[in-house]
Each structure stands twice: as structure tokens, then as C-alpha cells.
Amino acid sequence: MVVKDHHFLEDMHTKVTHEFSKTLEMFGLTPADARLFVALYLEQGPMTLDEMSEALGKSKTSMSTGVRGLLDQGLVERVWKKGFRKDLYQANENLYRNFMSSYIKKWQTAANGQINTFESMEVELKERIQEYVNQEEMEQADQLYRRMEDMVRFHEKIAEAFKVIDPNENPSE
């Protein structure tokens, strides 16, 4: 006689959710948003906020906040179902493309923002360098300027590296 462990599938589902959530957290998702995405992905169909709330044991408000963040990142989509009045959401299926695109976009935006910030600070430093009268201050300003140039190059290399691995820039991947 075969005895089936009714809790095995539930336990395995929990383990899968936990492990994949750890990966998604590395993409900058909060632990709660990562678990929400995994729940939607494993469901393989649209869910209401009430269903998400029940599945994850969290409030409907926190599910709404989480879904909104995932929508903004393009990781989840709102779907329509004829005759259904509640909002339905489902995970976008192409995991690699969606997560890499979202992650790369964040890094490129941050890197380009930093480039602009450092370049404007360089201009400001260069304009005011004449105000320094003693040699020590001039040397300190010059050293700071060179380091800022290095920081700009660092961020340019980050932006270039992420462009190379962007699945939207390289559709064959």
C-alpha cells in the first residue's frame, strides 16, 4: 500500500518559492515583492488581489502595493477576463528578458545619472580652481578632479557593460 504525503507538494512549493525569491532579491526586489512575483509565476494564470493575499498571508493593501511596483518594472501585467469585474494580474512569462531588462535599465539609469552628476561637479571644480591661492589646495583640487574623471570612466564602463548584455539590444539571446 502506497501512502501519499499530502504535504509534500505544499512543502516543495514553499521551497521553490523561497529559493527563487532569493534569486529575484538579487535583482533589487524586496523579499515580499519577490515572493509575490513567484506566487504569480507559479500560478500560471491570472490572480486577483484577494487570491494573492490569501496565498501569501498578507493584506490586500500590501498585495496592491507590491503588484504596482512589479507592474512599473514590467514584471507583471494586468489582464482582462470577460465577465470578471476584479482586476487580474499575472507574471510576465519570459523571465530572463524581463528581469534582465528591468535590472539593466536600473543600472544604466543610475550610471548615466552619476556620469551627469560627476561631470557637472567637474565643471564646477574647474571653474573655481582659480580661487585656490596656495599650492597645497591646488594639488588637492587637482587630485580630486583626476579622481572624479576616474569615477566618470567607471560609470561609463558600467553603462557600456550593461548595454552589451541587454537582451533588448541583443535579441538573439
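1. Let's start with D87, which counts as partly exposed because its relative accessibility is 42% (buried means under 20% relative accessible area, exposed over 50%, partly exposed in between, with a 1.4 Å probe and protein chains only). D87 is found in the loop between β1 (76-79) and β2 (88-91); helices (H or I, at least four residues) and strands (E, at least two) are DSSP runs, numbered from the N terminus.

2. A word on the ground rules: this is a predicted model, where local features need pLDDT of at least 70, side-chain atom pairs count only at pLDDT 80 or more, and totals for chains, interfaces and linings use all residues. Residues are numbered from 1 along each chain as its sequence is written, and side-chain values use heavy atoms, with hydrogens and water left out.

3. Back to D87 and its partners. Setting aside neighbours within four places in sequence, D87 is in contact with M47, T48, L49 and R78 (contact means heavy atoms within 4.5 Å). From D87 to P46, 41 residues apart along the chain, the C-alpha separation is 9.2 Å.

4. L49 also turns up in the pairing of α3 with α4: L49, D50, M52, S53 and L56 in α3 meet K60, M63, S64 and V67 in α4. By class, this contact has five nonpolar, two polar and two charged residues (Ala, Val, Leu, Ile, Met, Phe, Trp, Tyr, Cys and Pro count as nonpolar, Asp, Glu, Lys and Arg as charged, and the others, Gly among them, as polar).

5. As for geometry, the axes of α3 and α4 (residues 60-72) come within 9 Å and cross at roughly 110 degrees. Axes here are lines fitted to C-alpha atoms, for helices over the stretch in contact, and angles run from 0 to 180 degrees between N-to-C directions. The two helices, α3 and α4, are therefore roughly perpendicular to each other (65 to 115 degrees).

6. The largest pocket has a volume of about 250 Å³. On a 1 Å grid over the protein atoms alone, a pocket is an open set of points with protein on both sides within 12 Å along at least five of seven lines, and lining residues have an atom within 4 Å of a point. Its lining includes H13, R35, M47 and L56, and divides into five nonpolar, three polar and two charged residues. α2 (31-43) gives the most, with four residues.

7. Finally, K105 sits in helix α5 (residues 95-128) and counts as exposed because its relative accessibility is 58%. K105 and Y41 are 64 residues apart in sequence and 22 Å apart in space, C-alpha to C-alpha.

Technical notes. 1 Å grid on protein atoms, 1.4 Å probe; cavity = no way out; pocket = protein on both sides within 12 Å on 5 of 7 lines; lining within 4 Å. Points joined across faces, edges and corners; volume = space filled by probe spheres on them. Parallel < 35°, antiparallel > 145°, perpendicular 65-115°, else oblique.
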